[in-house]
Amino acid sequence: MNRSGSILLTAAVLMTMAAGCKKDKNNTPDPGPGGTNKEKYVLSGMAITGATSGSSYVLTADDLSAGTVSTTGNGVEMDLGSGLIQNNTMFSIAYGLAGQGPVIPYKLGADGKLVKGNTVNVTTANVFGTFNKDAIITCAVPRDINSPTATFTVLDAVNPQIKSTASINTANMLSGTGEMAYFTGLFQVGDKVFAPFMSIKGTADDGFGTKFLDNSWIAVFSYPGLTLEKIIKDDRTSYIGAYFGMYGVAQTESGDVYSFSTAVAGSTKPSAALKIKKGSTEFDATYFFNLETASGGYKVARMTYVSGNLFLAEMYAEQGKSAGKVKLALLDVDKKTVEWVSGSPSYNLGLLSTAFYVEKDKANVLLPVTGDTGVTNIYKVNLSTKTATKGAEVKGLTVVTAVSKLTY
């Protein structure tokens, strides 16, 4: 999503944003309470009925390769919010317009049906992520230079409750520039939290404007205290990730970390990936993966880590564009190659940031695709054949914001 597009987000769309790229350890289902290892796919999504209204649902399915999945007689209605998987639980993270963003857990009971847990009230989160297998971190990120305090909340994902909170002055993070930091995601890297951010003016007349489109930053925080330890900066790419995106940074199985930049309109930098070596908190000056050069002029929209050195990416479908329709490609960050996925549809990315689901055998990735007619299907990308296949149709939802699995 480009910066100008983010300004157009309505409250209803914000409420539907799903968590972006998560580490595979959180995608892989844990055994259920009884150790049966029965599994069901779980989808979260929203039926938008107006500019600022709609209903959100969590649905279950035994199979997504064909047929239909419908809200009729299936799943539960949840508070307007995102779906984030942690501790074998689907957490609904609501975008509360009154400043409160309820977090509600849903698990599968012994009969395979969804069971709603106790609500935990936190400050409305603009970004969120997971830590280990027992915690969720949320952050309420301000966009007003006169009120620049961001508030972090650490949630216990096993016995849902608030464990701790912390805060930071986002204007001080860019002291001397006249602008403020706006986080685009929260990612676990070892025992640290990496938080990439954009620089924004935060003024009434130009909230998301900036003088710094040609820079990228990552703030490194301690855990669980969430104390800022350092800020690392690079001038080879534009900012990392996207507004409300929850993607843009991922740690691979080797321990190395990669960041991705779209290079939005107005930036002179190419869409590219940077590297932070395992154990380091500095960008590797010797590594630069120019995605535009490797792809023949296309920019990355968003990405999901798969395994090894492989990422599944949505690339903008028009050369040189950082908006509009996307198509699927596989990125190898070691070989620095971009390979297009055969059978990939060209579809509108829109304003949503949807998490892909990597099957635990790492052979296939599932993702929802909404076509021009408004119909959403679950596509399967076979990683060995580099082929996308259309699967089940999802009925009753305008958009699907997360696909994953839970065990019971």
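This is a predicted model: local features need pLDDT of at least 70, side-chain atom pairs count only at pLDDT 80 or more; totals for chains, interfaces and linings use all residues.

Modeller: Residues are numbered from 1 along each chain as its sequence is written, and side-chain values use heavy atoms, with hydrogens and water left out.

Biologist: How many bridges join strand 16 to strand 17?

Modeller: Strands are DSSP runs of E, at least two residues, numbered from the N terminus, and two of them pair if DSSP finds at least two bridges between them. Strand 16 and strand 17 (residues 216–222) run antiparallel with six bridges; Val193 stands opposite Phe221 there. Strand 14 (residues 180–183) is also antiparallel to strand 16, through four bridges, and Phe183 faces Phe197.

Biologist: What lies between strand 15 and strand 16?

Modeller: Two residues separate them in a hairpin, and Gly190 in the turn has a positive phi of about 60 degrees.

Biologist: Is strand 16 mostly covered or uncovered?

Modeller: Buried means under 20% relative accessible area (1.4 Å probe, protein chains only). Eight of the nine residues in strand 16 (residues 192–200) are buried.

Biologist: Which side chain of opposite charge is nearest to Asp156?

Modeller: A salt bridge needs a side-chain nitrogen of Lys or Arg within 4 Å of a carboxyl oxygen of Asp or Glu. Asp156 is buried without one, and the nearest such side chain, Lys163, is 5.3 Å away. The backbone nitrogen of Asn159 lies 3.1 Å from a polar side-chain atom of Asp156.

Conventions. Buried means under 20% relative accessible area, exposed over 50%, partly exposed in between (1.4 Å probe, protein chains only). Lys and Arg count as positive and Asp and Glu as negative; His and the chain ends are not counted. A polar contact is a pair of N or O atoms within 3.5 Å; within protein, one must be able to donate a hydrogen and the other to accept it, and residues adjacent in sequence count only if both atoms are side-chain atoms.
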